[in-house]
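I opened my notebook for a first walk through this structure. Come along and look things up with me.

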Amino acid sequence: MASEQIGYRGPTACAAAGITYRQLDYWARTGLVEPSVRPAHGSGTQRLYSFRDVVVLKVVKRFLDTGVSLQNIRTAVRHLRECGFRDLERMTLMSDGATVYECTSPDEVHALLQGGQGVFGIAVGVVWRDVENALSQLHGERVDTGETLIGPNPADELARRRNRAV
């Protein structure tokens, strides 16, 4: 099934991105990373995140872990949202802690390092594959029908029962 037809609830997005639900909720409420499939509408509704949203969540987590300011992270998130879906796979984000730079080729990474500015980098393609692998083990939800898509974990009886009830 195409990735744009699958959404992920908050707990699944948290597990794949390596963040807490409290972080996820705060980031959604402050507009840092909002769910693009379905926002929450009051108490009792479930946010639904796209695959791309989960990749962005994991990138944000990595930036925060390395001490990049929230203001710079917001700028990077806006840039990631504007990029084409497949462009993310080939992108490396570099930061010196004060500024975030996009590099799309090894030459750009090298030039940035030669200038003495780049301190660390996030290869978004690696994050993409990490998220893809994590989500393959978790449950998604069909955007059109709400049907739970069961990962390959045969021990999850509750998800199998929920799926049969739909």
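I began with the largest nonpolar core of this predicted model. I counted 37 residues in this core, and Val 54, Leu 57, Val 60 and Phe 63 touch the most other members.

The most comes from α3, which gives eight residues.

I then picked out Phe 63 and looked up what it touches, leaving aside residues up to four places away in sequence. My list for Phe 63 reads Val 68, Ile 73, Ala 76, Leu 93, Ser 95, Val 100, Phe 120 and Ile 122.

Then I turned to β1 and wondered which strands it pairs with. I found that β1 pairs with β6 (residues 140-142) in the antiparallel sense, over two bridges. On that side, Gly 7 has Glu 141 as its bridge partner in β6. I also found β1 paired with β2 (residues 48-49), again antiparallel and over two bridges. Here Arg 9 has Leu 48 as its bridge partner in β2.

My last entry is on cysteines. How many disulfides are there? I looked for pairs of cysteine sulfur atoms within 2.5 Å, and the count comes to zero. Cys 83 has 13%, so I wrote it down as buried. Cys 103 is at 3% relative accessibility, so it counts as buried too.

Technical notes. Residues numbered from 1 in each chain as written. Predicted model: local features only at pLDDT ≥ 70, side-chain atom pairs only at ≥ 80, totals over all residues. Heavy atoms only, no water. Core = buried A, V, L, I, M, F, W, Y, C linked by side-chain atoms within 4.5 Å. Buried < 20%, exposed > 50% of the residue type's maximum accessible area, 1.4 Å probe, protein only. Helix = DSSP H or I, 4+ residues; strand = E, 2+ residues; numbered from the N terminus. Contact = heavy atoms within 4.5 Å. Pairing = 2+ DSSP bridges.
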